[in-house]
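Reader: Please walk me through this structure. I would like to learn how to read helices and salt bridges.

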Amino acid sequence: MQMNTPSRKTIRLTRRGRAVLIATGAVVAATAVAVPLLSVDSEGHRRPTSLLIPEGWRSLQVYEAVDKALALPAGTTKKSIGKARLKLPGDADGNPEGYLFPATYPLKKKTTPESLLSVMVDTANQRFGGPPVTAGAQRNAMNVYQAVTIASIVQAEAVGKQDMGKVARVVFNRLERGMPLQMDSTINYALNRSTLRTTAGDIRLNSPYNSYQRMGLPPTPIANPGEEAMRAAINPTPGDWLYFVTVKPGDTRFTADYAEHQRNVAEFNQNQKNQQARKKEKSPGREKQSGQPAK
């Protein structure tokens with residue numbers, strides 16, 4: 001299968017089509033450090049003995065978590081990348097995004113940001129560099145780095161594991177048809193945020209991660225995916241879907257028909273309005289000074 005995926009140096013601008021793909025996926029978790037075990041050092045200080053990196057975290061979140069876990073000044077881990085000598089693929093150009101594998105890592109007294117990042121990247125290479133992933137990537141006419149990039153989009157967009165294969169298929173179908181991906185998650189990555197809505201101004205963003213305007217895959221992964229997302233990326237569910245939207249929790253609808261997608265989007269928008277209305281009704285201070293309910 002041949003993908004219409006221009007190289008990073010030949011990505012070109014394209015006019016945004018009317019068939020906007022509204023793909024509301026899982027919101028990236030807030031940065032936090034999971035410390036299931038604590039130990040007490042010789043000076044009586046309690047320190048974490050492990051660090052949990054959840055699936056779908058961006059590299060910036062990982063850096064912040066490492067800084068906190070190792071009690072380092074903010075920004076220390078990010079600055080250490082250049083001297084960490086990470087074993088990244090050539091396509092990564094030294095950027096570890098996508099290769100800081102989500103898992104629980106032990107923390108020892110001599111753990112440094114460089115050693116911890118190296119273990120994460122080595123783990124990713126072990127999980128993503130084996131024959132199953134390599135063969136799966138080749139079967140879909142892509143290299144492993146492109147597969148990691150697709151897996152990162154799947155991780156960001158899919159509400160649950162049950163939808164990952166379908167989201168991956170939407171990505172492949174759009175690439176094969178020469179359509180822009182139009183994924184909100186790529187714009188969110190460029191803006192370092194997480195949101196369910198993308199504005200008209202966002203869509204005009206001048207960024208290689210603006211998949212509404214630029215063809216092909218983004219230049220790097222947009223998160224650090226887990227194994228389920230990678231399996232979906234190399235074994236997408238068969239189907240002709242081009243659009244999807246999570247109308248409400250547990251109800252993600254996939255379709256190849258734009259008119260049907262528009263109806264699904266309208267239902268999603270109405271649900272959002274209803275939620276906002278309910279929040280306003282429950283919010284204190286919604287009453288007028290006279291004591292009468294506000295209209």
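**Reading salt bridges and a helix**

Author: Start with Glu227, which counts as partly exposed because its relative accessibility is 32%. The class runs between two cut-offs: buried is under 20% relative accessible area and exposed is over 50%, with a 1.4 Å probe and protein chains only. This is a predicted model, where local features need pLDDT of at least 70, side-chain atom pairs count only at pLDDT 80 or more, and totals for chains, interfaces and linings use all residues. Residues are numbered from 1 along each chain as its sequence is written, and side-chain values use heavy atoms, leaving out hydrogens and water.

Reader: What forms a salt bridge with Glu227?

Author: The general rule is a side-chain nitrogen of Lys or Arg within 4 Å of a carboxyl oxygen of Asp or Glu. Here the partner is Arg127, with the closest N and O atoms 3.2 Å apart. Arg127 is in helix α4 and Glu227 in helix α10, so the pair ties together parts 100 residues apart in sequence. Helices are DSSP runs (H or I, at least four residues), strands likewise (E, at least two), numbered from the N terminus. Arg127 is partly exposed too, at 37% relative accessibility.

Reader: How many salt bridges does the structure hold?

Author: There are 6. One of them joins Lys83 and Glu114, whose closest N and O atoms are 3.6 Å apart. Lys83 sits in helix α3 (residues 81-84) and Glu114 in helix α4 (residues 113-128), 31 residues apart. Lys83 counts as exposed at 61% relative accessibility. Glu114 counts as buried at 18%.

Reader: How far apart are the closest N and O atoms of Arg231 and Glu228?

Author: They are 3.0 Å apart, in a salt bridge. Both residues are in helix α10, and being 3 residues apart they are separated by about one helical turn. Asp251, Arg253 and Glu267 are linked in a network of salt bridges.

Reader: Why is α7 largely enclosed by the rest of the structure?

Author: Because 12 of its 16 residues are buried. Among them are Met164, Val167, Phe172 and Leu175. The buried residues of α7 pack against α6 (144-157), α10 (227-234), β5 (243-248) and β6 (251-255); contact means heavy atoms within 4.5 Å.
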